Amino acid sequence: MARKGIPLLFFALVLLSACGPSLRVYTDIDDTAAFDQFSTYNFLDFTEGNKKTITGMELERIRVAFAKEIESRGLDYSEKDGDVSVRITVYHRQAARGYGYYGIYNHMERAISVDMYDNQSMKHIWHCAAVGELEYDAELRAAGLSELAARIFEKYPVLAKEGN
């Protein structure tokens, strides 16, 4: 009887692990933009809402993680007037997931979006957002930022250079 329970227990664990927090990534791109021609970037300021609801330390960690990903794709930082401007925006919202018989799971979601603008044509050329369950522990959020930025930039049209 115990032998029959082991496969059932294994199946239940696999099924439950699939219900954990997941990261969803969405992207949109201007197909006419020549991404391989850009060599410099600058950051646009965070929104006033972000400045009021997220600590300056965390905003700086976010900016550093994304700068690393942008620079790994061959763009150099410029204080202002880069070829492209980058805006990072953080959103929070209450969300719920239904699990059928088991009821509803309410949680906070966090989305981080990256928007890139061509400063010559003044066009919005790339948008990517990652949405997932909010990690409340600041240290764990900080530890996951590099991976989050890498996941977002997997969708960027220029690949990271070797060794970065």
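This is a predicted model: local features need pLDDT of at least 70, side-chain atom pairs count only at pLDDT 80 or more; totals for chains, interfaces and linings use all residues.
Colleague: At what angle do H3 and H4 pack?
Modeller: About 35 degrees, with the axes of H3 (residues 56–71) and H4 (residues 138–153) 9 Å apart. Axes are lines fitted to C-alpha atoms, for helices over the stretch in contact, and angles run from 0 to 180 degrees between N-to-C directions. Helices are DSSP runs (H or I, at least four residues), as are strands (E, at least two), numbered from the N terminus.

Colleague: Which residues meet there?
Modeller: Among them are Ile62 and Phe66 in H3, and Leu145 and Ala149 in H4; contact means heavy atoms within 4.5 Å. The contact residues divide into ten nonpolar, one polar and four charged.

Colleague: New topic: which element gives the most to the lining of the largest pocket?
Modeller: H4, with seven residues. Strands S5 (104–118) and S6 (123–133) also give two or more each.

Colleague: And how many aromatic pairs does the whole structure have?
Modeller: Nine. Trp126 and Tyr156 have ring centres 5.1 Å apart and planes at 85 degrees, so that pair is edge-to-face. Rings of Phe, Tyr and Trp (its six-membered ring) pair if their centres lie within 6.5 Å; planes under 30 degrees apart are stacked, over 60 edge-to-face, the rest tilted.

Colleague: Where do those two sit?
Modeller: Trp126 is in strand S6 and Tyr156 in the segment after H4, 30 residues apart.

Key:
Residues are numbered from 1 along each chain as its sequence is written. Side-chain values use heavy atoms; hydrogens and water are left out. Ala, Val, Leu, Ile, Met, Phe, Trp, Tyr, Cys and Pro count as nonpolar, Asp, Glu, Lys and Arg as charged, and the others, Gly among them, as polar.
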